[in-house]
Amino acid sequence: MADSSNELTRPVKRLGDRIFSGTALGAGVLILVTLAGVGLFLTIEGLPGFTADSSATQPADNFVGLAGPLVFGTVLSATLALMLAVPLAVGVALFISHYAPRRLSQGLGYLVDLLAAVPSVVYGLWGIIFLAPKLVPIYRWLENNVGWIPFFSGPTLASGRNMATVAVVLAVMILPIITAICREIFLQTPTLHEEAALALGATRWEMIRMAVFPYGRSGIVSAAMLGLGRALGETLAVTLVLSPAILYSFNFIGAQNPSTIASNIALQFPEASGLEVSVLIATGLVLFLITFVVNFAARAVVNRRSEFSGAN
Amino acid sequence: MAKSIDVTDLDIYYGDFKAVEDVNVTIPAKQVTAFIGPSGCGKSTFLRALNRMHEVIPGAYVDGKVLVDGQDLYAVEVDPVAVRRQVGMVFQRPNPFPTMSIYENVIAGMRLNNKKMKKSEADDVVESALRAADLWGEVNERLARPGSGLSGGQQQRLCIARAIAVQPQVLLMDEPCSALDPISTSAIEDLIHELKANYTIVIVTHNMQQAARVSDDTAFFNLVGTGKPGRLIEFGETRKIFSNPDEKATEDYISGRFG
Ligand SMILES: Nc1ncnc2c1ncn2[C@@H]1O[C@H](COP(=O)(O)OP(=O)(O)OP(=O)(O)O)[C@@H](O)[C@H]1O
Ligand SMILES: [Mg+2]
C-alpha cells in the first residue's frame, strides 16, 4: 500500500508500446529523409539544366521551351485519364458495394484487385496493338462530325497513336486502383448513416447521395490523387503509344502530340550526356514539384469542409 | 394524419433464423405505445418491421400482415420507400448526417419529397420541426453549423426534428433516450407527450419508469426459451400492465423478478 502512489505516478510503458512508437517514428523519419534526399539530388544534379543553352535542349531553344510542352503533355494526359477514370471507377465501386448481389460483388472485387496488379507495360502493349486500331473509327467520326471543336480537329492517323489513346490507356491503368479504394471506402459507410437516410424514405440512389458520398468524399479524392500520381509518372504506356513531339496542342486526335516528362526521360536518357542529363533531371524535378502541388491541392479540397466530415 | 397499425400473424426472420413469431396486435392512433421486454426478445426487430427497415438487412424478411390505415405495408405493389416516408423512425444512437448542417439535416427528408422548395417554405419547415422537437431555442443561431457538433441529447432531438419534418403518420423510436442524461431524457419524454396529439408513437424502452410515464399502452415481449423466437406476451393499457397484468411473466419482468 505504501508505494501505491509511486505505482500511479510512474508512467506505464510496456515493451510493445516502446517498439511500436519507435518503429512508427523511424518509418516517419525515413520517409521524410528519403523525400528530402530525392529532392536534394534532383535539385543539385538538375540545377545546371535550368540554364542550359539550345545545344542541350534540342529540339527547343532553351529549358522552358522544352519543359513547358512536356509539363503540358504530362498534365493534359493525366487529367484526361482522370476525367475518364474517376466517374467510371466510382460507378463500378458503387455497383460492387451497394448494388451487386453479394456473391457477384465478391468476384468483381477480386477481379478489380487483380487488374490493379497488372504491370503497366502490358497495358501499353494492349493499348498500341489492340486498343488504338479499334478506336480509329471513333476518332474518324469525331473528326468528320465535330471536327470544328479544336479537341477533335485531327487528322487522325490510321495507327490511332494520339493523345486520346494515351488518355484511354492511362484511364484503364488507373481505373482498378481507384475502384478498389473507392469500394473499400463505400463499404465502410456507417450503417447508422445509411439507415438514417433510408428511414427518411430515401431511395437507394438518394441514400448513396446522402450518406455514402459525403462520408467517402475525402477517400474518393485520395483515390483519385493516387491514380493521378500513377498517371503523371507513367512512362512505358505513354512511350509505347505516343509518337512524341515537343509542342503545345489541344488536338487530342491529331498526328502531333505533346510527350510527357516521364516518357521523354525514358526515351532520351540512354543517349544523353553531360548537360543533357542535367536537363532531363531538371524536368524530373519539375515532375516532382507537380506531384507535390497536386497533393497539397487535394488536401486543401478535403480539409475545406473537414468540420463537416463527421470526425468530431 | 395519425393512423393505427394492425398487425396480423407476423413472423420475422433473419435468413433462416426466426427472430419474432406470431405477433397479433393493434397499435392505436394518436397514442403512445411502449414495447418492453428483455434484451434479444425482438423489440427492435418488430419495430423495424413496422416501416420495412427490417428488410434492409441482407437475408431478412417477414411473413404476415402489417396494416396502416387498412393498407398492407407488405403488399406486393407497395414500395418500401413510400412506407418509410409515412412511418418515420428515430434510432437508439443519434445519427444526424455528419456532412450536413443542422438546417440541412432537418430539411433532408423534405428535400427527398419535394426538390424545388422555396427558401421561405424550407425555413418555415425547419423552424416548426425544431420547435416541435424543443430544440429551436438552443440552435436557432447556429443552423449552419454541423449537426454532429451538438451534444448527444441535442443530436437526438435533431433526429426527432428530422423525422417529424416530413410529417409522418407514425413515429417509431428505438430506445431514443438510452444514450442520454436524465435532463435530455426528460426533455424527450415531454416532447413525446406533445407529439402524440398529432402522431401515432411507438417507443422501445428498457426503462420501466419511462414506459409508465410516457405510454398509454404497453406491449410486453419475451423469449420462450434460448434460441427460440420472441413473442408478444401481453398487450394492454399501461396502467393495467403495470398494476395488474394478466400474465405471470409480465409481472415478474416489471417487478424485476426476471430470470
Ligand atoms: N442483423 C441481425 N442478423 C441476425 N440476427 C439478428 C440481427 N439483429 C438481431 N438479430 C437477432 O434477433 C433477435 C432479436 O433481436 P433484437 O435486436 O430485435 O432484440 P431487442 O429486443 O431489440 O434487444 P435489445 O433490448 O437488446 O435491443 C436476437 O436473437 C438477435 O440476435
Ligand atoms: Mg433493440
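Helices are DSSP runs of H or I spanning at least four residues, numbered from the N terminus. In this predicted model, helix α3 of chain A comprises residues 63-99 and includes His98(A). Because buried denotes a relative accessible area under 20%, His98(A), at 12%, falls in the buried class. The side chain of His98(A) forms a polar contact of 2.9 Å with the side chain of Glu194(A). Glu194(A) also belongs to the set of residues touched by His98(A) beyond four places in sequence, together with Phe186(A), Arg204(A), Met207(A), Ile208(A) and Val212(A).

Oxygen atoms of ligand 1 are approached by both backbone and side-chain atoms of chain B. A polar side-chain atom of Lys43(B) is placed 2.7 Å from a ligand oxygen. On the backbone side, a polar atom of Gly40(B) lies 2.8 Å from an oxygen atom of ligand 1, and the corresponding separation for a backbone N or O atom of Cys41(B) is 3.3 Å. Of the 630 Å² that ligand 1 exposes when taken alone, 63% is buried by the protein.

Terms used
Residues are numbered from 1 along each chain as its sequence is written. Chains are lettered from A and ligands numbered from 1 in the order in which they are written. This is a predicted model: local features need pLDDT of at least 70, side-chain atom pairs count only at pLDDT 80 or more; totals for chains, interfaces and linings use all residues. Side-chain values use heavy atoms; hydrogens and water are left out. A polar contact is a pair of N or O atoms within 3.5 Å; within protein, one must be able to donate a hydrogen and the other to accept it, and residues adjacent in sequence count only if both atoms are side-chain atoms. Accessible areas come from the Shrake-Rupley method with a 1.4 Å probe; for residues, only the protein chains shown count as cover. Helices (H or I, at least four residues) and strands (E, at least two) are DSSP runs, numbered from the N terminus. Buried means under 20% relative accessible area, exposed over 50%, partly exposed in between (1.4 Å probe, protein chains only). Contact means heavy atoms within 4.5 Å.
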